[in-house]
Amino acid sequence: MTSTPTPELAPGPAQAVSERLLPERRQINWLRWATVTIIVVSVVLPGVSLLLRSFAFRWHYPDVVPGEWGLDAWAYTIDDTSRVFESLGNSLRIALLTTTLALLVGMPAARALGQHQFRGKRVVEWILMMPIIVPALVAAMGIHIVFIRLGLTATVLGVSLVHLIPATPYFVLVMSSVFANYSPALEETARTLGANKIRVFRYVTLPAISSGLLVACLFTFLISWSQYVTTVLIGSGILITLPMVLFPFLGQGNAAVAASITLIFVAPAVMVLILTSRSLGRGSTVMGGFGKV
Amino acid sequence: MTLERRRTPLKERLKIPLMLTPALAVILLLFLGGLVAGLMQSLGYFPAAGLTEFTFRHYVDAVTDRNFLISLWTTFRIAFSVTLLSTVLAVGAALVLRQRFSGSRLATFLFQIPLPVPHLVAASAVILLFSQSGLLSRIAAALGLINAPGEFPAILYDKASIGVMLSFMWKEIPFIGLVVLAILQSVGPQYEELAQTLGATKRQRLVHVLLPLIMPGVVSTWIIVFAFTFANFEIPLLLGQSFPTTLPVQAFREFQRPELTSRPTGMAIAIVLAVITVLLLIAYRRLARYSRST
């Protein structure tokens, strides 16, 4: 990805300037300290409280740390009666199918938008980006009756198709900014050297876009993984996904079980973060893409 | 020119339309198709429930319901506050995090964590932390600030929807912040350095150099976050008051009633929701075009 190192300030005049700025230094450090503290606390504290809660057996009120530890919540979570495993399987199947479909329909469009200028480009961008702004829930509500007639409700395919509504725009958005930063000149060279289309894609295009493609796929997966209300609607309450099992526990159910299901639910996000942390950091193309919607 | 055009083979001319077709088909069929089908139902064309007569009755029913305006206001208030607070805090965080100092790498890494995390997880954590018997309440009790859970401020299921807003902001601040950080990085330090050598103060550099540079990106994310918060269903359902609730929750409740005849009313509320976001989108495009032309 494009994480160009920032050039160091030139030593001469810049140093003189920073000396002039010296009186402000103390205030800046205070701001930095506050920002870092707030970020650390607001990320670490939720994680810690989820872990504590899921392994707590008895946790009386004023205690900050549980009095007795236990695996009861986890034992219930992995038991068949909780339906966590069943829903986990469905969530995975739906998210994988959604990602595959988004990849198939989104790649050519992303390439066209990222690398070509053509008449009506703005209109196409407008149409493709609309579901980012206009709620997919409204479209899902409208299409529900059609899906019933087509026998698509309560099926993995039906739910994936509805997840495709919010997933496709994000996939195209991320990939078109990847393609915009990718020069096809090397492809032409490979073609003139006699490589066929498949080999050009496999050995030239794919290595160049692979990290961006990984980010796009993982984010598409997570968009589907996080869907709640569209799944409830099209799944007809028969096809159960993980957030649907979690939801009632967050209302008035057992807090320890809620915490352990939450930890399972967040696991793919944590994995994605580890895989993509380098491509999301400072100056990434991926995040910059959202600024151009 | 015309000769050139005629010589372009058909295959070459069809290349881009063909590349765009699959994605456009998905959006046009599923998304726009869904909206049109929803519009028909809201206008009373719903043969599955024996309704075939076009009417605005369901819109009148939806809008004159005493809950409607309260829900609309609640939805708008939450979305607006979340967007405004998140934007201000995110820009502030990005301006600090773009500097390199000890701890900045760790903070930037941690700042990214909420981005891929589902909203429901944020809600789950907010419940564990901010409920009256939650971790923060316990810490407050340990510090002797409060004596009983009931003394901890009730910010879940509350009138001001603070719990709802906290869940959203935990996700949206890093989202906006990382976009701003990416823009700042791609712009580089040269404009600022130039302004500095020309004698601009820190404040002038911020107001006249940095903010104008990041503004277009901020407005883009502002619209995304507002629209998202406006249409979100699960967070207000889980952490908000049961009355007044938000428009998406109300629309879905009407829609899911066992009697099919209340569906058009739910659909009418949903269409109103969609129309508001479309108007927002158009306003934004106008704004963007205006700011680009000046």
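A residue is classed as buried if 20 or more other C-beta atoms lie within 10 Å of its own, as exposed if 12 or fewer do, and as partly exposed in between, the C-beta atoms being placed from the backbone. The model is predicted, so that local features need pLDDT of at least 70 and side-chain atom pairs count only at pLDDT 80 or more, while totals for chains, interfaces and linings use all residues. Residues are numbered from 1 along each chain as its sequence is written, and chains are lettered from A and ligands numbered from 1 in the order in which they are written.

B:L273 has 23 C-beta neighbours inside 10 Å and therefore counts as buried. This residue belongs to helix α13 (residues 263-293) of chain B, helices being DSSP runs of H or I with at least four residues and strands runs of E with at least two, numbered from the N terminus. Apart from neighbours within four places in sequence, B:L273 is in contact with A:P135, A:V138, B:A231, B:L247, B:P248 and B:A251; contact requires C-beta atoms, placed from the backbone, to lie within 7 Å. The C-alpha atoms of B:L273 and B:A231 are 7.4 Å apart, at a sequence separation of 42 residues.

Between the chains, 83 residues of chain B are in contact with 82 residues of chain A. Helix α2 (residues 10-42) of chain B supplies the largest share of the chain B side, 16 residues. That side has 62 nonpolar, 18 polar and three charged residues, where Ala, Val, Leu, Ile, Met, Phe, Trp, Tyr, Cys and Pro count as nonpolar, Asp, Glu, Lys and Arg as charged, and the others, Gly among them, as polar.

Within chain B, helix α4 (residues 66-97) packs against helix α8 (residues 162-187) at an angle of about 40°, with the axes 7 Å apart. α4(B) is therefore oblique to α8(B). Angles under 35 degrees count as roughly parallel, over 145 as roughly antiparallel, 65 to 115 as roughly perpendicular and the rest as oblique; they run from 0 to 180 degrees between N-to-C directions, and axes are lines fitted to C-alpha atoms, for helices over the stretch in contact. By class, this contact has 18 nonpolar, four polar and one charged residues.

Chain A contains 13 helices and two strands, and 47% of its 293 residues are buried. Of its contacts between residues at least 6 apart in sequence, 77% join residues at least 24 apart.

Methods. Contact = placed C-beta atoms within 7 Å.
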